[in-house]
Amino acid sequence: MSADFSTENPLPVSFADVEAAAKRLQGKAFKTPVLTSETVNKRTNSQVFFKCENFQRTGSFKFRGACNALMQLSEAEKQRGVLTFSSGNHAQAIALAGQLLGIPATVVMPADAPKVKQEATRGYGAEIILYDRTQVAREDLTAKIGAERHLTIIPPYDHPWVIAGQGTVALELIAEVGELDLLLVCCGGGGLLSGCAIATKTLSPQCKVIGVEPEQADDAARSFRTKTLQTVTNPDTIADGARTPSLGKLTFPLVLHYVDDMATVSEDAIRQTMLFMWERMKIVVEPTGVLAAAALFDGVVKAQNARIGVIVSGGNVDFNHLPNTKESLDAAINL
């Protein structure tokens, strides 16, 4: 499916918004580590910097955007509470940000969302409303509940305060390691990608920014190439954070303006990269979290003698659904 889309309106988020978010998040979001790997550097003939948002609060970059958004609500909105929809990482982020700021949080989650993410969201104090994603459109259900309960809806990616918060990931990375030649960022709804692209094109103008999504959920890549918003319905990918139906009304024009290219990776590449990062880099990363690295490891994106930034977006793994086949493990070890 596709829909006409105009990009003539002013862009909804600026670098000044990202800078303001960074100041707002000081003392609330973690400054996550940047890791390197000699094995990866030798294999790619480049210097690769992994910005590890799997070490962020709630285990993903999502806390940045959620906290930045909730901090800017009016007192009346804070008292009434917030509502969101999410497969897990944004859910946890909204729940924890709400807990820290004293704001009640309700989350609409698919019934098949990873149990580890459901349990963590409840653990942070949020109310969860489960739904069948094969039968119900989450946006419609969320709008209905929000109207009934008079709650402020903070969507997982298509919100200017959320996008600005996510952009602080790249801002931190470049501040620590300096200018880059290439930045690889995973893409679901485009909040992280567009926010990071805004920061990168300001701080390192010559850097090429590439978004990465699963082949099974390639709506953003198709949207980028056709300049028309494309959609996908319940894509069958292990990367549950990239099962979003499309880029958003805000993220799409930002991606078109700031991002240089889009790439897609196979399910095998996702599994192998995840296992490689566990086995060789000793960090726990979830399937969506390795999308950017998979594009580099699998040769989908090639660079030589380059300074490459790779955003590792999260580490919330459901250990009941591990990619534990011998073939995947052998391939990962041989990367």
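Colleague: Are F276 and F297 buried or exposed?

Modeller: Buried means under 20% relative accessible area, exposed over 50%, and partly exposed in between, with a 1.4 Å probe and protein chains only. Both F276 and F297 are buried. F297 has a relative accessible area of 7% and therefore falls in the buried class. This is a predicted model, in which local features need pLDDT of at least 70 and side-chain atom pairs count only at pLDDT 80 or more, while totals for chains, interfaces and linings use all residues. Residues are numbered from 1 along each chain as its sequence is written, and side-chain values use heavy atoms, with hydrogens and water left out.

Colleague: How many aromatic pairs does the structure hold?

Modeller: Rings of Phe, Tyr and Trp (its six-membered ring) pair if their centres lie within 6.5 Å; planes under 30 degrees apart are stacked, over 60 edge-to-face, and the rest tilted. There are two aromatic pairs here. One joins F50 to F297, edge-to-face, at 6.3 Å centre to centre with 65° between the planes. Helices (H or I, at least four residues) and strands (E, at least two) are DSSP runs, numbered from the N terminus. F50 is in strand β3 (residues 47-52) and F297 in helix α13 (residues 291-297), 247 residues apart, so this pair links distant parts of the chain.

Colleague: Which residue pairs with F297 at 5.1 Å between ring centres?

Modeller: That is F276; the planes of F276 and F297 stand at 75°, so this pair is edge-to-face. F276 belongs to helix α12 (residues 267-281), 21 residues from F297.

Colleague: Which residues have the most contacts inside the largest nonpolar core?

Modeller: In soluble globular proteins, nonpolar side chains tend to be buried together. A nonpolar core is a set of buried Ala, Val, Leu, Ile, Met, Phe, Trp, Tyr and Cys residues joined through side-chain atoms within 4.5 Å. The largest has 76 residues, and F50, L183, L184, M277, I308 and V310 have the most contacts inside it. Helix α8 (residues 160-177) gives the most to this core, with eight residues. Another core, of 24 residues, lies apart from it and includes F63 and V162.

Colleague: Where is T288 placed?

Modeller: T288 sits in the loop between α12 and α13. A polar contact is a pair of N or O atoms within 3.5 Å; within protein, one must be able to donate a hydrogen and the other to accept it, and residues adjacent in sequence count only if both atoms are side-chain atoms. A polar side-chain atom of T288 lies 2.9 Å from the backbone nitrogen of G241.
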